[in-house]
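The sequence and the structure come first.

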Amino acid sequence: MIQSSGVIICLGYILGLLFTAVPGSGVWILVLGIVCAVLLRRGAKPQRLLQKSANDVASNSLLLTPLPRVWLIAGLVGLLASFYFQWRVPQPTATDISQFVSSDSNNQEQLVIVRGEIASNPRLTRSQRGQFWLQVSQLDEVRNQKDTKETQKGASGKLYVTVPILKATGLHPGQEIAVTGVLYKPKAASNPGAFDFKKYLEQEGTFAGLMGRQINILDEERQWGWWQIRERIVRSQVMGLDIPEGPLVSAMVLGSKAVDLPYDIRDLFVQAGLAHALAASGFQTSLILSVILQLTKRAKKVTQVSLGGLALIIFLSLTGFQPAVLRAVIMGFAALVGLALDRKVKQLGSLLLAATILLVFNPLWIWDLGFQLSFLATLGLVESVPAITSFLGWIPPAIASLISVPLAATIWTLPLQLFVFGVVPAYSLLLNIITTPLISIISIGGIISAMFALILPGAGSFVAGFLHYPTDWLIRLVEIFSQLPGNSLVLGSISTWQLLAIYGLVFLVWLVTWWQKRWWFAGLIAIGLVLFPAWHSASTLSRVTVLEAGAEPVVVVQDRGTVTLINSGDEGTGRFTILPFLQQQGVNQVDWAIATDFQRNNNDAWLEVLQRLGIKNFYAYATNKENSLADQAIPQVLQKQKGIYQLLPVGQTINLGSTVAQLINEQPMMQLQVLGQSWLLVGDVEAKEVERIMKAGGWPSPQVLWCNAESLKDLVMMLKPQVAIASSGSLETTVLSELSKTSTKVFVTAQDGAIQWTPNGEFESFTQVSESKSSVL
């Protein structure tokens, strides 16, 4: 058991890492340590914990009130932790592969040949390409397509590689290969709520990517690795269960990061609130230890501990050293140590020790979402399950356990999920209660099947076959719940102060007796902290956002609770751009949607939006009656949602409250009146044609102009708008220099990201707002 002084020092280290997000970093932890040392100096003498009965003697031990120097040491450790974090932040070296990425915008197609060793199992991306990590050893630059090369360059670092799926087939970790392709530097998030690819790669110690075209295998020899055992298990279970049941069982045993699980199944479980079922962690380690200890209960303790430790090491190696599994394995070893010493291990102490050890090994995991959720969920299980089970004492213990476990995990992880995603799976708790028996059966059967697969793949497939019905029932249950109305409640991302306030309430209920008796009051306050700011923001916010979405203008108008969405971009824009933004804003339904058909017959993004959010009124300006919106999927989905679909002729005006929209002619041009401001959206139309159309229709010059980068200069000179927004390309320095001499404020979404405007404010770019926030934090 960790004594109280050890707890304080561990907390000091963890808080020192957490405080790297604020100015001053660990200095604040040092100040806090000094303050605690001064305030608590009177109670610094060791005191024995009073024991209420003789039966408690075995379970209690000496509890020491920390001495002042312990608080000082903890503060100093927190200060050092902040410096240690900065020291461990990955930085590209002089020979890192990212240093060789061409900075010339006109040289994007510079071919290179990168040699190195594959560092991970190839996986399938959402764009149906193979992806793997490559440990770089050499770089060759290709001058031309005839394969004439420059002098070979020594390079290092780790590279994010994607190749056509057929090229990745048969590759495995440890293999020496040469990949021909185009190097690039990852981009940061350009829209609010979007995935930050650059940040993700930096957390992995990677600063460049390679769009591969061709692979040459330099080392045909298959070296042994844990990937072979993992592949043997997965192949055996897929053979016995087929797809998707086979990969799902493998993911529940080895974790989704170690198994190439289909994205539709992965998304289904995540949206339903069952993502934890796909993450190998505490449940599997507890199950493995229980089986080992039960089978060796008549053996000596040395044998039990040795076999238990060996089983944990094998399981850890198979799962790929994921943070959540590492945490569970360390706690498992703590339990084995307690068994060997005949001492009861305090779960909270072992959890804190496990977190500290992992963060010493890799302090960057403090900002890893998987690590955070795993730690919080385990903390909830350790500290809150007994109290909830006791409160539910009036129902059978088995049912009380089914309720208390998911409820405790939800209480401790939900605030963080709201902070990151802004979405609450409405039926998550009920679904967890119903599916827990199935998940337990599948996990136990999957582990047994994996053990047989290691000996004989056919036997593993035979055992896995018995899991067909439980796995099928689990998938069907998740599908049924995902189709229920309101299955995902979008509340919007909460702020940092809301997150800290809610967790403050959780800790008060956990530690303070007065709040423990009034847990319902704390719950009401927490709900109010989430709902009231969300309601106030939605009812008062008026803002226009032009999202960075490539060649088509995607505009979101928010006006005091009503939401208008204009255009949807190309395939993938709905999933990766529009939906994350609307979820961050707490939008559950779009009131008006307009499809201008700037990009012909591209309705995939609209379908992506409709699958997750409802649309009340959908208007399509048809510029080609035969082809425009010919796919009947959109009207059918709207009919199921009881939304209105209307196909409008060119020139008809739509009145959307604060927004008035009209497609001017058959060319991609649209006039908008948004929150009292006139906008003009111009697609692929020549500047002279725009001038002719404007004069013929008697249209005044717009206050805001959107167009592609190629037409920006001519249109700005002709229309003289107050603000011009360009996308789908990059502007030359000479053009920007000329435009800077005009009175027009110019934005380029490819560089500036999303552009936002409020009636009482100025136009701001997303990158500008992000930089100002990071300069404060």
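In this predicted model, helix α11 (residues 323-341) and helix α12 (residues 347-361) have axes that come within 9 Å and cross at roughly 130°. The two helices α11 and α12 are therefore oblique to each other. The crossing in which α11 passes α12 is right-handed. On the α11 side the contact is made by Pro323, Leu326, Arg327, Ile330, Met331 and Ala334, and on the α12 side by Gln347, Ser350, Leu351, Ala354, Ile357 and Leu358. By class, this contact of α11 with α12 has nine nonpolar, two polar and one charged residues.

A further helix pair is formed by α6 (residues 226-241) and α7 (residues 245-254), whose axes come within 7 Å and cross at roughly 140°. That angle makes α6 oblique to α7. Here too the handedness can be given: α6 passes α7 in a right-handed crossing. Helix α6 contributes Arg230, Ile233, Val234, Gln237, Val238 and Leu241, which meet Glu245, Gly246, Pro247, Val249, Ser250 and Leu254 in α7. Sorted by class, the contact of α6 with α7 has seven nonpolar, three polar and two charged residues. The loop between α6 and α7 holds Pro244. A cis peptide bond joins Ile243 to Pro244, with omega about 10°.

Helices α9 and α10 pack at an angle of about 150°, and their axes are 9 Å apart. The crossing of α9 past α10 is right-handed. From α9 the contact takes Gln284, Thr285, Ile288, Leu289, Ile292 and Leu293, and from α10 it takes Gln304, Leu307, Gly308, Ala311, Leu312 and Phe315. This contact of α9 with α10 has eight nonpolar, four polar and no charged residues.

| Helix pair | Axis angle | Axis distance |
|---|---|---|
| α11 and α12 | roughly 130° | within 9 Å |
| α6 and α7 | roughly 140° | within 7 Å |
| α9 and α10 | about 150° | 9 Å |

Two or more lining residues of the second largest pocket come from each of α7, α9 (282-295), α10 (301-319) and α16 (428-455). Ile288 and Ile292 of α9 and Ala311 of α10 also belong to the contact between those helices.

By class, the lining of the second largest cavity has five nonpolar, four polar and no charged residues.

One backbone feature remains. Arg560 has a phi near 50°, a positive value in a residue other than glycine. Arg560 lies in the loop between β11 (554-559) and β12 (562-566).

Definitions and conventions:
Residues are numbered from 1 along each chain as its sequence is written. This is a predicted model: local features need pLDDT of at least 70, side-chain atom pairs count only at pLDDT 80 or more; totals for chains, interfaces and linings use all residues. Side-chain values use heavy atoms; hydrogens and water are left out. Axes are lines fitted to C-alpha atoms, for helices over the stretch in contact, and angles run from 0 to 180 degrees between N-to-C directions. Helices (H or I, at least four residues) and strands (E, at least two) are DSSP runs, numbered from the N terminus. Angles under 35 degrees count as roughly parallel, over 145 as roughly antiparallel, 65 to 115 as roughly perpendicular and the rest as oblique. A crossing is left-handed if the near helix is turned anticlockwise from the far one by less than a right angle, and right-handed if clockwise. Contact means heavy atoms within 4.5 Å. Ala, Val, Leu, Ile, Met, Phe, Trp, Tyr, Cys and Pro count as nonpolar, Asp, Glu, Lys and Arg as charged, and the others, Gly among them, as polar.
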